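Hi,

Here is the structure I promised to pass on. Have a look at it first, and then read my notes below.

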Amino acid sequence: MPNWGGGAKCGACEKTVYHAEEIQCNGRSFHKTCFLCMACRKALDSTTVAAHESEIYCKTCYGRKYGPKGIGFGQGAGCLSTDTGDHLGLNLQQGSPKSTRPSTPTNPSKFAKKMVDVDKCPRCGKSVYAAEKIMGGGKPWHKTCFRCAICGKSLESTNVTDKDGELYCKVCYAKNFGPKGIGFGGLTQVEKKD
C-alpha cells in the first residue's frame, strides 16, 4: 500500500508521524505522545528508553523483564526487590528451581537480622551501625557511648585506654589502675626533716 501521508508510521499506534512530532528509536518512528513504556506507560526520552526488538520500555521495566532475576537485582546492588513482575506478564516461579520462593511472606526485619551481622555496643547493648561506629579496645562503640567509665569524659584515640573491656581516660586509668606510692598518681615525695 502506498504511503500517501508523506511520513513514517508510528511504532505504537501505526498512524502517520510527521517530522515535527517525530521521535526515532531503534530505527522506528514514534509520536512524542506515543513514546511510552510498554509496561508502565511512563513517558520516555532518549536517556530513559531501553529497546528490546520492536518493544520500548523504561529502564526499570526493561530490567525487571529482561535483566537478571533474584534478590539484589533490578534496583541496584544490595536491594531486596519484592517486585514480582506481574504487571509485565512475568512469572518468576518459572525457570530454574533456585528461583522458587516460599508462599508465605517473610518478615523483613527477621530477614535483615539474619543477613546483616550488626555489632552491639558494649556499653548500651544496642546495635552499632557504620555511621555511628567508633572502634576502641577492639570493639565497636556508639559515639555517645565512647566515654570514660569513671568520669564520663568524651574520649578520643589520643586519650583512651581500655581495661577488662571498659574504656577510661588516661587520668582515671592512672589514678585507679596505675602504680601506687610516693611519686606516683599525683603524690609528691615527702621531705625528711632532721
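The side chains of Arg123 and Glu166 come together in a salt bridge, with 2.2 Å from N to O. By salt bridge I mean a side-chain nitrogen of Lys or Arg within 4 Å of a carboxyl oxygen of Asp or Glu. This pair ties together distant parts of the chain, 43 residues apart: Arg123 is in the loop between strand 7 and strand 8 (127–128), and Glu166 is in strand 12 (residues 166–169). Strands here are DSSP runs (E, at least two residues), numbered from the N terminus. Arg123 is partly exposed, at 31% relative accessible area, and Glu166 is partly exposed too, at 25%. For these words, buried means under 20% relative accessible area, exposed means over 50%, and partly exposed lies in between (1.4 Å probe, protein chains only).

Before you go further: this is a predicted model, where local features need pLDDT of at least 70, side-chain atom pairs count only at pLDDT 80 or more, and totals for chains, interfaces and linings use all residues. Residues are numbered from 1 along each chain as its sequence is written, and side-chain values use heavy atoms, leaving out hydrogens and water.

How many salt bridges does a search of the whole structure find? There are three. In general, side chains of opposite charge can pair when their charged atoms come close.

Another of them joins Asp119 and Lys133, whose closest N and O atoms are 3.3 Å apart. This pair also links distant parts of the chain: Asp119 belongs to strand 7 (residues 119–120) and Lys133 to strand 9 (residues 133–136), 14 residues apart. Both ends are partly exposed, Asp119 at 33% relative accessibility and Lys133 at 34%.

Then there is Asp164, which pairs with Lys163 in a salt bridge, the closest N and O atoms being 4.0 Å apart. Is Asp164 buried or exposed? It is exposed, with a relative accessible area of 74%, whereas Lys163 is partly exposed at 29%.

You'll find Asp164 in the loop between strand 11 (160–163) and strand 12, and its phi is near 55°, a positive value in a residue other than glycine. Most residues other than glycine have a negative phi.

Asn26 also has a positive phi, near 55°, and is not a glycine. Asn26 sits in the loop between strand 3 (22–25) and strand 4 (28–31), and counts as exposed at 52% relative accessibility.

Cheers

Notes:
Helices (H or I, at least four residues) and strands (E, at least two) are DSSP runs, numbered from the N terminus.
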